[in-house]
Amino acid sequence: MNRACVVTSCPGVKVVVEEDRDAVLPCSLSTKESSTAKVFDWRKDESRKEVFFYDSGIHYNNGRIGQDEQFRGRVSHYEDQLMNGNVSIKIHNTKVADSGIYSCILPKLEPIQTFYVELVVERLLRDRSGEIPGASKPSITVLDATKDWSLLQCEVHRASPEPKVQLQDGSGNILPAEERRGRYYVTLNITVTKTDRYLCVLTQEEISHQSRAETFVFISGAGNTTDRNVGVGIGVVVVAVVVVVVVAVVVVLLKLRQIKEEEAEWTDGTRSRAELYRS
């Protein structure tokens, strides 16, 4: 949104962004007068956390102290817009904890003006292991294997709240697996017979956490339908070529035999006529 309002005259402004995006909180002087030499103070919620304070060119990004740790290094203002009365700020790389009511206070105006902006940061489903207690990471291992199959195991430990765990193939298809579940763990077992990439996917919706582990399985035996089909195709071609060659050789041999027989008959006939003439 690109407007701000005085709390006593309108219901306020809501800014909605996705987690890890930047959020602009708007605040402008109604008179559009220059605010370069004035003071503006941004605070959050009833706790009055110091978000950004500007006083005649001095602020948290150029030496002023007192900014709340939550916002340190993540808030900027629009220096080139101050002459137009724009005292908006931008919160970079927003977190869900940044959600709340922000007040833009202009203490040097007569009367003092306060503007309010509500910021809503929407949580995304992503890997939060290491950030949130109970956000677990899955593992996937090959327990046993032959040339025709592999036994895979997907494991999740110390997961709270209770997770949803799935085994998927490389195309994202969910595979039916044998499941064992306890209070804080889940184990899935499955036997696969196809060369592919396999994933163990953990999801904890309540804390917007999703993590995955993967492994590649190569099946070299009869269970590998792709390799089998290729082999059959090559075999058929080879047999066909051999048959053609054999037939050609047989035809040639038969033709040579026929020619020899005809020559022999011709020779015998010639001799008989010669003997007849001599007698």
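1. L253 counts as exposed, because its relative accessibility is 51% (exposed is over 50%, buried under 20%, partly exposed in between, with a 1.4 Å probe and protein chains only). This residue sits in helix α1, residues 225-278. Helices are DSSP runs of H or I with at least four residues, strands are E runs of at least two, and both are numbered from the N terminus.

2. A note on the basis. This is a predicted model: local features need pLDDT of at least 70, side-chain atom pairs count only at pLDDT 80 or more, and totals for chains, interfaces and linings use all residues. Residues are numbered from 1 along each chain as its sequence is written, and side-chain values use heavy atoms, leaving out hydrogens and water.

3. L253 also belongs to a nonpolar surface patch with L256 and I259. Together they have about 270 Å² of accessible area.

4. Strand β12 covers residues 164-168. Four of its five residues are buried, so the strand is largely enclosed by the rest of the structure.

5. Which strands pair with β12? One is β16 (residues 196-204), antiparallel, through five bridges; pairing takes at least two DSSP bridges. Here L167 stands opposite C200. Another is β13 (residues 174-175), also antiparallel, over two bridges. Q168 faces I174 there.

6. β12 and β13 make a hairpin with five residues between them. In the turn, G172 has a positive phi of about 85°.

7. Y116 lies in strand β9, residues 113-122. Its relative accessibility is 30%, so Y116 counts as partly exposed. Y102 is 14 residues from Y116 in sequence, and their C-alpha atoms are 5.6 Å apart.

Key:
Patch = residues over 30% accessible without salt bridge, like charges linked within 9 Å, V, L, I, M, F, W, Y side chains within 5 Å. Areas by Shrake-Rupley, 256 points an atom, 1.4 Å probe, with all protein chains shown as cover. Salt bridge = Lys/Arg side-chain N within 4 Å of Asp/Glu carboxyl O.
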